[in-house]
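Here is a short report on a structure with its chains and their contact. Start with the view below, then read on.

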Amino acid sequence: MRQRGDTTEIRVAPQHVAEVMRTLREDEHFRFEILADVCGVDTGDEMWVVYHLWSVESPNWLRVIAEGLPRDDPRVPSVTFLWNGAEWGEREAYDMFGIIFEGNRDLRRIYMPPDYTSFPLRKDFLLADDAARSPGEGFRHVEQTHPPAENLRRSVVRRSKVS
Amino acid sequence: MAEAKPQATEPRSSVRSLDDPDIFVEMPATIFDAVPPYPPRSEREAEFYHLEDGEMLINLGPQHPSTHGVLRVVLKIDGERVIDLDPVLGYLHRGVEKICENGDWHHAISNCDPLEYVASMFSEAMPVLVAEKLLDIQVPRRAEYIRVLAWELNRIASHALFMGWLALDLGGLTPILWGFIERDEIVEMMAALTGQRLLFNYLRIGGVNGDLNHDFLSRLGDWMGRAGEQIEATTRFLNENEIFVRRTKGLGVLDRETAIRTCMSGPPLRATGVPYDVRRAHPYSVYPELEFDIPTRTEGDSYARYLLHVDEVRESIRIIDQVLHEMPDGPVMGRIPRLIRVPPGRAFIAIESPRGQYACYGMSDGSDQPFRLRIHDPSFFNLQAVGLLMPGHLIADTMAIMASMDPIMGGIDK
């Protein structure tokens with residue numbers, strides 16, 4: 001049988017994330033104690049932060065989507081005051097998408113080097129652009145075979161049809 | 001008359017800019033410069049790299065043999081005691097999530113394979129299960145049984161290696177050889193089934209790639225007669241070994257509340273008394289029809305984590321026994337097209353890997369490529385807890401405690 005129970009979904013504006021998550025975790029009617037996952041998503045138009053919660057009282061997961069984060073300055077409150085394990089998950093989302101989690105004490109890159117400037121999982125990320133901005137000044141095989149101008153022409157942001 | 005304080009003990013300012021010329025000031029050769037060659041990027045990093053009198057930093061890794069991969073850990077020590085530590089990841093980062101977005105759903109299976117390279121049957125299941133959930137297709141029953149069989153065999157292979165590794169990090173050379181004897185039999189078995197020893201690429205969207213063959217079944221039947229004997233022998237050797245017990249019992253203790261708040265899963269979480277196993281909490285495949293227990297312990301130390309792995313091996317053998325008796329006939333692959341266009345939507349699935357809850361959140365925009373494939377690796381979150389439980393332990397115990405968490409860097413670094 002296939003695993004069930006991820007159809008319940010809450011969408012919140014980023015400024016309400018902290019209080020919604022606190023209620024879900026601490027209110028005695030909900031008691032979503034386990035944070036199963038935290039990740040960032042770039043839909044092409046905006047950024048999301050997606051949380052999956054689980055409560056012992058139900059076999060279902062609850063998906064909480066903080067939506068409507070602008071792509072040029074995505075900011076969302078951190079949930080590390082509820083789950084300190086979210087710290088690395090949020091660091092990863094910052095590293096890959098550039099989402100700023102306000103209140104995370106350790107918000108720095110986790111995979112990429114400290115002098116790196118791009119956010120690789122964004123939909124407008126191109127390897128050639130990345131190489132040109134990197135400390136090695138872009139002398140990479142990829143860039144020489146595809147001139148940057150051609151790459152720019154092909155850089156169409158893939159937009160989401162999911163809603 | 002008050003003497004001027006020596007230069008080295010003056011508190012450093014916590015945040016400095018790269019434009020500040022003083023940041024590259026030359027230090028006297030006798031003083032070890034603990035500050036990395038860039039300004040602190042976060043509050044925590046500034047705090048970590050600020051050293052009090054008598055403290056020093058020491059690097060473990062990234063090529064240290066007992067970090068189980070390329071993990072670098074910066075330890076802040078006072079004498080032999082660890083005060084704080086800062087794991088530095090990314091030495092094995094390949095950008096698997098980005099690669100998956102650029103290939104189609106079938107490519108994602110083999111791309112996710114090397115994430116958990118010790119038990120890759122679990123990590124390669126991620127895109128498969130997400131795509132099946134989005135496509136809303138039912139897998140043939142025989143394929144479900146074969147998957148469970150492969151998963152549980154892989155779990156035993158992984159746990160056998162865990163026990164050897166743990167003993168190796170404590171200085172015992174023999175158990176790793178015994179662990180490899182058990183593991184190698186299973187690896188050869190899986191090679192007969194899938195054609196590969198480690199990165200199987202065996203699961204498919206809608207079933208599995210190929211039915212059970214004679215070579216696999218004869219090896220499995222041969223092995224089932226003495227299943228777990230090697231592991232039981234290792235257990236008899238380790239459980240009463242005084243060095244092993246004294247270096248694991250009471251070390252690296254986590255309590256239940258901290259473990260939940262740190263988003264841990266798998267044996268480290270169950271060792272603190274939380275009976276959270278995805279196979280029971282969120283049933284999938286044919287696990288609801290099988291009889292097995294979820295072993296838990298309450299001590300929460302390294303020894304409890306080790307004993308849990310042994311118990312889980314016994315439960316896995318029980319599951320394999322039932323699966324072999326109840327294996328139905330039929331096809332192993334559903335009728336699905338070669339080019340899969342997954343309907344738009346979002347899905348979240350999780351399975352119980354040897355290290356905990358392996359989860360995946362997939363988004364599809366209706367094309368043949370995943371729009372977003374987020375892999376949640378349990379080792380990543382379990383490794384984070386090492387930073388909480390390490391302060392106060394000796395340097396010699398850091399690797400032993402880390403080994404009891406069983407991290408796999410392939411999944412942590414993605």
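How many residues does the contact take from chain B and from chain A? The contact takes 44 residues from chain B and 37 from chain A. This is a predicted model.

**The side of chain B that touches chain A**

Several elements of chain B each supply at least two residues to this side. The helices are α1 (43-48), α2 (96-102), α5 (125-135), α11 (256-261) and α15 (378-389) of chain B. The strands are β6 (345-353), β7 (356-364) and β8 (370-376) of chain B. Which element gives the most? That is β6(B), with six residues. By class, the side of chain B that touches chain A has 18 nonpolar residues. It also has 12 polar and 14 charged residues.

**The two chains**

Both chains hold helices and strands. Chain B has 17 helices and eight strands. Chain A has five helices and six strands. In chain A, the elements run β-α-β-β-β-β-α-β-α-α-α from the N terminus on.

|---|---|---|---|
| Chain B | 414 residues | 47% | 68% |
| Chain A | 163 residues | 40% | 48% |

In chain B, then, 47% of the 414 residues count as buried. In chain A, buried residues make up 40% of 163. The contact percentages cover pairs at least 6 apart in sequence. Of these, 68% in chain B join residues at least 24 apart. The value for chain A is 48%.

**A sheet in chain B**

Now to one sheet of chain B. In what order do its three strands lie? The order is β1-β2-β3 (chain B), in an open sheet with antiparallel pairing. β1 (56-60) and β3 (81-88) of chain B stand at the edges. Each has a single partner strand, so one side of each is left without a neighbour in the sheet. Neighbouring strands of this sheet are turned by 25 degrees against each other on average, direction ignored.

Strands of a sheet pair through backbone hydrogen bonds, either parallel or antiparallel. How many bridges join β2 (residues 72-78) of chain B to β3(B)? Seven bridges do, and these two strands run antiparallel. Which residue in β3(B) does B:D78 stand opposite? The residue is B:R81.

Terms used. Residues numbered from 1 in each chain as written. Chains lettered and ligands numbered in written order. Predicted model: local features only at pLDDT ≥ 70, side-chain atom pairs only at ≥ 80, totals over all residues. Helix = DSSP H or I, 4+ residues; strand = E, 2+ residues; numbered from the N terminus. Buried ≥ 20, exposed ≤ 12 C-beta atoms within 10 Å, placed from the backbone. Contact = placed C-beta atoms within 7 Å. Nonpolar A, V, L, I, M, F, W, Y, C, P; charged D, E, K, R; others polar. Pairing = 2+ DSSP bridges. Axes fitted to C-alpha atoms, helices over the stretch in contact; angles between N-to-C directions.
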